[in-house]
Amino acid sequence: MDQIYRIRGVHARIPAAPHELKDRVTPVEKSIVLCHLGVPDIDADKWFLTIDGMVEKPSVLTFEQLKQFPFSEVESFHQCAGSPLNPDYPTQRICNVVWGGALLKDILARSKVQPAARFLWSSGADEGVLAETVCPTYMKDLPIDRIGEDVLVAYEMNGKPLLPEHGYPARLVVPGYYGTNSVKWLRRLELCSGRASGPFTTKWYNDAVYAEDGLPTGETQPVWAVAPQSIIVWPGPDAKIKAGDKQEIWGWAWADEGVDQVVLSTDGGSWFTAALEERTQRGWQRFSIDWVAPRPGKFSIVSRARSGRGNVQPLEGRRNAVFSVDIEAI
Ligand SMILES: Nc1nc2c(c(=O)[nH]1)N[C@H]1C(S)=C(S)[C@@H](COP(=O)(O)O)O[C@H]1N2
Ligand SMILES: [Mo]
């Protein structure tokens, strides 16, 4: 049967600006939305999920059966890697939400994954054309070792059923990985020995690997784990700041493996270490520092995060380049 669509073609919600992201848990209406091919219209009563490939017992789950698995919630940042056609361009398409649903490992345990399986391929109900490439489905993959504790087949976002544009009735959620890996309107999970074959894992979403000297090595790596990144929430570009008064500069920082340091600069040269909270599950982490604008005039405030593995945000030229906000003290 042909899929019915609410919206055909690429669809996105205008992303909230960093200074609008004051809530720890982003309300759904301020969360990011990115649909490459359209928004399919799916009836939960007719929905089913096929689990096959390198498993002992291929199976099909209905929505009712999905809801019978133990329910888990995971707080996680949720970030779009940006346009696959322009992967190095930095964006701040980010939010932090609470996903609810069944643990993927529980679902797969029933199907008995064969030991030789290395990747999980996941496909959505959507199909269409992106940049003149015919996409018979939206298909992504992830290494089997990643399934671990917190990958979900989610049917709730912030305690409510998913909206159609967020993947209703059920989607994959890979906390800590770029949003592109969290396949919406999930239809099929296939266990395989190699990487997935569609355009979203071969043509797009493979980054150049750079050596220490900043030059490309000629190798590529899948757009999976989220690199360290940060945004300044306050002050925003329109904040009124008085020179000589103490201000709290604050924002959010995140990385797949968590962030262990955030430094800030207000003078284009020296870096100061901000206070940084511990992370909760896979959520973003708040950082803050007190600052006194030494004089009236313009300042560019820059934040730079370091991940638990010691990776630091680049100053420019990559999707996770440092964030800066231009403000004026009076
Ligand atoms: N089936 C399907 N899943 C998808 C997409 C899509 O186009 N089709 N877009 C991906 C991208 S690029 C992102 S950033 C996230 C966005 O999830 P959200 O719209 O719920 O925030 O969904 C991912 N999952
Ligand atoms: Mo995305």
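1. On a 1 Å grid over the protein atoms alone, a cavity is a set of points where a 1.4 Å probe fits but cannot get out, and a pocket is an open set with protein on both sides within 12 Å along at least five of seven lines; lining residues have an atom within 4 Å of a point. Grid points are joined across faces, edges and corners, and a volume is the space filled by probe spheres set on the points. By this search, the whole structure has three cavities of 30 Å³ or more.

2. The structure is a predicted model, in which local features need pLDDT of at least 70 and side-chain atom pairs count only at pLDDT 80 or more, whereas totals for chains, interfaces and linings use all residues. Residues are numbered from 1 along each chain as its sequence is written, chains are lettered from A and ligands numbered from 1 in the order in which they are written, and side-chain values use heavy atoms, with hydrogens and water left out.

3. The domain assignment (bounds from an automatic or database domain assignment) divides the protein into domain 1 (5–222) and domain 2 (229–329). Their C-alpha centres are 29 Å apart. Contact, meaning heavy atoms within 4.5 Å, involves 32 residues of domain 1 and 25 residues of domain 2.

4. Buried area is the accessible area (1.4 Å probe) that two parts lose on being put together, summed over both. For domain 1 and domain 2 this comes to about 2400 Å², with 52% of it on carbon and sulfur atoms. On the domain 1 side, His19, Arg24 and Phe77 lose the most area to domain 2, together 23% of what that side buries.

5. A salt bridge is a side-chain nitrogen of Lys or Arg within 4 Å of a carboxyl oxygen of Asp or Glu. The structure holds 17 salt bridges, and four are counted between domain 1 and domain 2. Arg319 and Asp207 form a salt bridge with an N to O distance of 2.8 Å. Another salt bridge joins Glu127 and Arg8, whose closest N and O atoms are 2.9 Å apart. That pair links distant parts of the chain, 119 residues apart: Glu127 is in the loop between strand E9 (119–124) and strand E10 (128–130), and Arg8 is in strand E1 (residues 5–8). Helices (H or I, at least four residues) and strands (E, at least two) are DSSP runs, numbered from the N terminus.

6. The largest pocket has a volume of about 900 Å³. Its lining comprises 28 residues, and Gln221, Ala227, Asn311, Arg318 and Asn320 are the closest to its centre. Strand E17 (206–210) and strand E18 (216–222) are the elements that give two or more residues to this lining; E17 gives the most, with four residues. Because both domain 1 (5–222) and domain 2 (229–329) give residues to the lining, the largest pocket lies between them.

7. For lining composition, Ala, Val, Leu, Ile, Met, Phe, Trp, Tyr, Cys and Pro count as nonpolar, Asp, Glu, Lys and Arg as charged, and the others, Gly among them, as polar. The lining of the largest pocket has 15 nonpolar, four polar and nine charged residues. The largest cavity has 10 nonpolar, seven polar and three charged residues in its lining, while the second largest cavity has six nonpolar, four polar and no charged.

8. The largest cavity holds about 250 Å³ of space. Among the 20 residues of its lining, Leu34, Tyr138, Gly179, Thr180 and Lys184 lie nearest its centre. The second largest cavity holds about 40 Å³, and its lining includes Trp99, Val173, Val174, Pro175 and Tyr177. Strand E7 (residues 71–79) gives the most to that lining, with three residues.

9. Some backbone details may be checked in the model. The peptide bond from Tyr168 to Pro169 is cis, with omega near 10°; Pro169 is in the loop between strand E14 (160–161) and strand E15 (171–173). Trp234 and Pro235 are also joined by a cis peptide bond, with omega about 0°, and Pro235 is in the loop between strand E19 (229–234) and strand E20 (246–254). Glu132, a residue other than glycine, has a positive phi near 65° and lies in the loop between E10 and strand E11 (133–135).
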